[in-house]
Amino acid sequence: MVAKGRTGPPTLEEVAAFAGVGRGTVSRVINNAPGVKTETRLVVEQAIAELGYVPNHAARALAGSRTDAVALVITETERRFFAEPFFSEIVHAVGAGLAETEIQLLLTLVRTDKERQRFVQYARAGRVDGVLLVSVHGSDPLPDMLAELELPTVLSGRRSSDEAVSYVDSDNVGGARSAVRYLADSGRRAIATVTGPPDMYVAQCRLRGYQEAMRQSFGEVDPSWIAQGDFTEESGRRAMAELLHRHPDLDAVFAASDIMAAGALHTLRAAGRRVPEDVAVVGFDDSPLAQHTDPQLTTVRQPVEEMGRAMARVLLEDIEAPSAAWRHVILRTKLVRRASA
């Protein structure tokens, strides 16, 4: 039991008493030493979490010592991580941003609640100086959990318009708006869109850019011209098929990612539609894939290299000199015209 009236942080002995084990067992769990049963380890980890215990080496880190390591956390499945060029680009860019330092970059995937709790325990133990988070969904509590630890954290993108944690993002609304305006200015009148998952702010912003441009050019937007995807190629194929079924006369589509645009191209080709003669296609990202589709993809370039380097820079600044203000960086996008539109 924790002593009543205690005002300081919990001690190792209090964690041991709370878990009903000896002090040495708690120490072995904290240091990942062998010889502790799985059930006992779980009980001790739960006690550490409930009491908010910070091991001594973490306290030393907070006091000024460094691990010279930062974690790059991807909150997606292995399938998406290896299938989408964005992730390899951001890893490369972050690595380049840290290349002139002595800091080690640790890459990890966090896909489940259990893995999230495990990573928080790892971070609480003071094993990293900061965290970079990529592809965080709207309901993910991990950024807030890391903020509670007062651990420097930077997001790629953001969970909502009022994100409090430091982040580096692209102008997703403006980029999508420029893509749809380009289609309208090119004479396209029946413009559909394939969106990303609705629980991701990046997808919401790209949809909003589409809607704003459509309203400016044609008035109100009919929801039947919007099909939901999930940033995968298969979802792009499926959404394009839905749109063709609803609107056989469509003459353009804006896809919220290049990989979904590639899926849309496949469906259009299978349906006998010529691109861009019958249907113009525009993607978003300007990933390497955009230059290897047939035809090459007109797309919105978000500066992934600059994003990764900026994330590393913002995190290093926060590690060196924690600020009372969150650091929010929004980078410009650019329409890249190729053969698909």
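Helix α12 is largely enclosed by the rest of the structure in this predicted model, because 10 of its 13 residues are buried. The cut-off behind that count is under 20% relative accessible area. Asp258, Ile259 and Met260 are among the buried positions, and so are Ala261, Ala262, Gly263, Ala264 and Leu265. Thr267 and Leu268 complete the list.

What do these buried residues pack against? Two helices are involved, α5 (78-83) and α11 (233-246), along with the strands β6 (191-195), β8 (252-255), β9 (280-285) and β10 (298-301).

With 13 residues (258-270) at 1.5 Å a residue, the helix should span 18 Å, and its end C-alpha atoms are 18 Å apart, so the two values agree. The step is counted one time less than the number of residues. After α12 comes glycine 272, with a positive phi near 80°.

Zooming out, the protein holds 13 helices and 12 strands, and its C-alpha trace spans about 75 × 40 × 35 Å along the principal axes. Of the 341 residues, 51% are buried. Among contacts with a separation of 6 or more, 71% are between residues 24 or more positions apart.

As for the surface, the accessible area comes to about 16200 Å², and carbon and sulfur atoms account for 49% of it.

How values were computed:
Residues are numbered from 1 along each chain as its sequence is written. This is a predicted model: local features need pLDDT of at least 70, side-chain atom pairs count only at pLDDT 80 or more; totals for chains, interfaces and linings use all residues. Side-chain values use heavy atoms; hydrogens and water are left out. Helices (H or I, at least four residues) and strands (E, at least two) are DSSP runs, numbered from the N terminus. Buried means under 20% relative accessible area, exposed over 50%, partly exposed in between (1.4 Å probe, protein chains only). Contact means heavy atoms within 4.5 Å. Accessible areas come from the Shrake-Rupley method with a 1.4 Å probe; for residues, only the protein chains shown count as cover.
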